[in-house]
Amino acid sequence: MDNPAVIPIRDPLSQVVSRELDAVAGSDIEPAHSGDANVPGISEAWLDQVAESLSEHGWMSLDTRDRLGAGLLAALREEVVILDRTDAMKSAGIGRGSDLVRDRAVRRDRIAWLQGITPPQAELFRFLESIRSGLNQRLFLGLKRFETHYATYHPGDFYKRHLDSFRGRASRVVSLVLYLNDDWAPGDGGALQVFNRDNENEVCGIVVPEAGRMALFLSEEIPHEVLPANRTRYSLACWFRQDEVPLPL
Ligand code: OGA
Ligand code: MN
């Protein structure tokens, strides 16, 4: 099916086009009972498109505002805003043998892991779980579990170009980032830059961290970078993993 709900963005200009296509493609949203049980906004057709884009292009950007709902997005944002005012958000390390001075040259975000216990987190986890099982059914990825954290980037914070997983580790396989910011203006910075998997110097997409916008990509293959934010940037990142027991990265 040639439905444009999920398409890779080829260059910054096509961002606008992509949004319009997303809006048009919202018509396949089905009531909860006709898709995955109890997961509003997830339909078999939508999962088909996500799986197809992932296998064909390795990444995609999509608008999930209508699928997740403005209420859930606002509730998640409220949680991370509150966490950010406490010391719950910790400087993110980069795997084993973390060294804060070295790591701060690479990434400056702060993170807090989600447990899925509060009502908005429980609803989010149902959404993520149906993506996990939907991708397994379609792409046979053997995704066993997912892990997810909130992230905040304060003005000046960034995350230099990186991969989320090392090839052959079979740990993090699919990455998902969900943005939680209302009214993100071009001057606010903080865009996600996605690089060509065959040429890490070529930018092949830019994702604006506006509430409901989601980026999905293959963790081992797609280099990406968070440009410096000029305003506090709220998001959550999720990794679908093949391992049962956590390995670093
Ligand atoms: C990450 C990451 C991207 C983003 O947390 O590994 O690359 O847009 N995040 O927040
Ligand atoms: Mn990353």
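Which residues are around ligand 1? That is where I will start. Please keep in mind that this is a predicted model.

The residues around ligand 1 are Ala151, Tyr159, Asp164, Val177, Leu192, His224, Val226, Ser235 and Ala237. By type, this shell divides into six nonpolar residues, two polar ones and one charged one. Two strands each supply at least two residues of the shell: strand 10, residues 224-226, and strand 11, residues 233-241.

A general point before that: strands of a sheet pair through backbone hydrogen bonds, either parallel or antiparallel. The sheet here is open, it has four strands in the order 5-10-7-8, and the pairing is antiparallel. At the edges are strand 5, residues 159-162, and strand 8, residues 199-207, and each of these pairs on one side only. On average, neighbouring strands of this sheet are turned by 20° against each other, direction ignored.

Now one pair from that sheet. How many bridges join strand 7 and strand 8? The two strands pair in the antiparallel sense over five bridges. If you want a place to look, find asparagine 196, which stands opposite asparagine 199 in strand 8.

Next, two residues in loops. Phenylalanine 140 sits in the loop between helix 6, residues 119-139, and strand 4, residues 145-153. Its phi is near 55°, which is a positive value in a residue other than glycine. Is phenylalanine 140 buried or exposed? Phenylalanine 140 counts as exposed because 8 other C-beta atoms lie within 10 Å, and the cut-off for exposed is 12 or fewer.

The other loop residue is aspartate 183, between strand 6, residues 172-179, and strand 7, residues 192-196. Aspartate 183 also has a positive phi, about 55°, although it is not a glycine. Aspartate 183 has 8 C-beta neighbours inside 10 Å, so it counts as exposed.

Last, a residue in a helix. Aspartate 66 lies in helix 3, residues 65-68.

Methods:
Residues are numbered from 1 along each chain as its sequence is written. Chains are lettered from A and ligands numbered from 1 in the order in which they are written. This is a predicted model: local features need pLDDT of at least 70, side-chain atom pairs count only at pLDDT 80 or more; totals for chains, interfaces and linings use all residues. A residue is near a molecule or strand if its C-beta atom, placed from the backbone, lies within 6 Å of it. Ala, Val, Leu, Ile, Met, Phe, Trp, Tyr, Cys and Pro count as nonpolar, Asp, Glu, Lys and Arg as charged, and the others, Gly among them, as polar. A residue is buried if 20 or more other C-beta atoms lie within 10 Å of its own, exposed if 12 or fewer, and partly exposed in between; C-beta atoms are placed from the backbone. Two strands pair if DSSP finds at least two bridges between them. Axes are lines fitted to C-alpha atoms, for helices over the stretch in contact, and angles run from 0 to 180 degrees between N-to-C directions.
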